[in-house]
Amino acid sequence: KIYAITSMEKKKILKILNKNHNIDVLHNISQFEPLLKKVKFQDRKSLIYIGNIEYTKGVDKLIDLAKNLLKLKIDLIINIYGDERSSTNYTDSLKKKIKKYSLKNILFKGYLHEPNKILNNSLLLLRPSRNNDPWGRDIIEAISCGIPVIASGDKSDFIKDQFNGYLVKDFDINKTSEIILKIYNNEILWNKLSENSIKNVKSKINGNLQKKEYSNLIEQLSS
C-alpha cells in the first residue's frame, strides 16, 4: 500500500511508477488551533514565512514584496522564520540586499520554536516557492489556526483560491501585493478567509481519518 500526502504528490508518484498502483491520499496531521482569545484584526501586523532559507523556496522574492509594500504604504512587517541548511551564504546575500535598499519591514527571525503562537498572531502566511507547490506543514498549520495563505501554484488540496486563501502562479509580486492590500483594508474579508480555512480542511488534517486508515491497514496485514 502506498500513501501520498497530497493529490499532487500522488500524480508525481504515478508518473514514476505506473497507473496500476493503488495509491491513496492521506494528508499530514496538524493539531494546531486558533487561540481561544482571538487577536484583533488591527493588531495583526506581520506577514510570515516559515521554512528553509534557500533559493528554491523563493525567499528572495520577499525582498521585492517588502519594497512593494512600502510603495503601497502598507504598514506590515515580513517576518522570515527558518534556517539555511546549505553553505551557500544565501541568507547573508539576502541580508546585504535588504541593507542595500534600507528596508525595515522585512526581518530574519531564525528558527521558530512556537509556530502555533506566531501563526495565531499573524495576518497571513506567505509561501513563495519556485516549485509552485502550495502544500506542506507550514500551510496546514497556518490554515488550521485560521490564518489565510498566499502561495505560489495553481492547485492545492488545502487552499481554494479566493475562498480560504490565494494561489498565485510563480508568486507574482505585483499580484501578491494587490491581494495583501485588499486584505489589509478589509477585516470582513480576512474573517471570511479565516473561517473558511478552518472549515475547509479541519476534517482532512485532524488525525481521525489517518487513525482509521492506519488501523484498517494494520488489521489487513495481521489477518
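Trainee: Which residues does Leu189 touch, not counting residues up to four places away in sequence?
Mentor: This is a predicted model: local features need pLDDT of at least 70, side-chain atom pairs count only at pLDDT 80 or more, and totals for chains, interfaces and linings use all residues. Residues are numbered from 1 along each chain as its sequence is written, and side-chain values use heavy atoms, with hydrogens and water left out. Look for Leu189 in helix α7; helices (H or I, at least four residues) and strands (E, at least two) are DSSP runs, numbered from the N terminus. Taking contact as heavy atoms within 4.5 Å, and leaving out residues up to four places away in sequence, Leu189 touches Tyr166, Lys182 and Ile183.

Trainee: Is Leu189 buried or exposed?
Mentor: Buried means under 20% relative accessible area, exposed over 50%, and partly exposed in between (1.4 Å probe, protein chains only). Leu189 has a relative accessible area of 16%, so the class is buried.

Trainee: How far apart are the C-alpha atoms of Ile198 and Ala142?
Mentor: Along the chain, Ile198 and Ala142 are 56 residues apart.

Trainee: Which members of the largest nonpolar core touch the most other members?
Mentor: A nonpolar core is a set of buried Ala, Val, Leu, Ile, Met, Phe, Trp, Tyr and Cys residues joined through side-chain atoms within 4.5 Å. The largest has 55 residues. Take Ile78: beyond four places in sequence, the residues it touches include Leu47, Leu62, Leu107 and Leu126. The members touching the most others are Leu62, Ile78 and Ile180.

Trainee: At what angle do α2 and α6 pack?
Mentor: Axes here are lines fitted to C-alpha atoms, for helices over the stretch in contact, and angles run from 0 to 180 degrees between N-to-C directions. The axes of α2 (residues 61-71) and α6 (residues 173-184) lie 10 Å apart. The packing angle is about 50°.

Trainee: Which residues of α6 make that contact with α2?
Mentor: On the α2 side, you'll find Lys61, Asp64, Leu65, Asn68 and Leu69. On the α6 side, they are Ile173, Asn174, Thr176, Ser177 and Ile180.

Trainee: What residues does Leu26 contact, leaving aside neighbours within four places in sequence?
Mentor: Leu26 is in the loop between β2 (23-25) and β3 (46-50), and it counts as buried because its relative accessibility is 11%. Lys204 is 178 residues away from Leu26 in sequence, yet 8.2 Å away C-alpha to C-alpha. With those neighbours set aside, the contacts of Leu26 are Tyr3, Ala4, Ile5, Leu209, Gln210, Glu213 and Tyr214.

Trainee: What about Lys73, what is its phi near?
Mentor: Lys73 is in the loop between α2 and β4 (77-81), and counts as exposed because its relative accessibility is 73%. It isn't a glycine, but its phi is positive, near 60°.

Trainee: What is the phi of Gln162, roughly?
Mentor: You'll find Gln162 in the loop between β7 (149-152) and β8 (165-168). Its relative accessibility is 52%, so Gln162 counts as exposed. Although Gln162 is not a glycine, its phi is positive, at about 70°.
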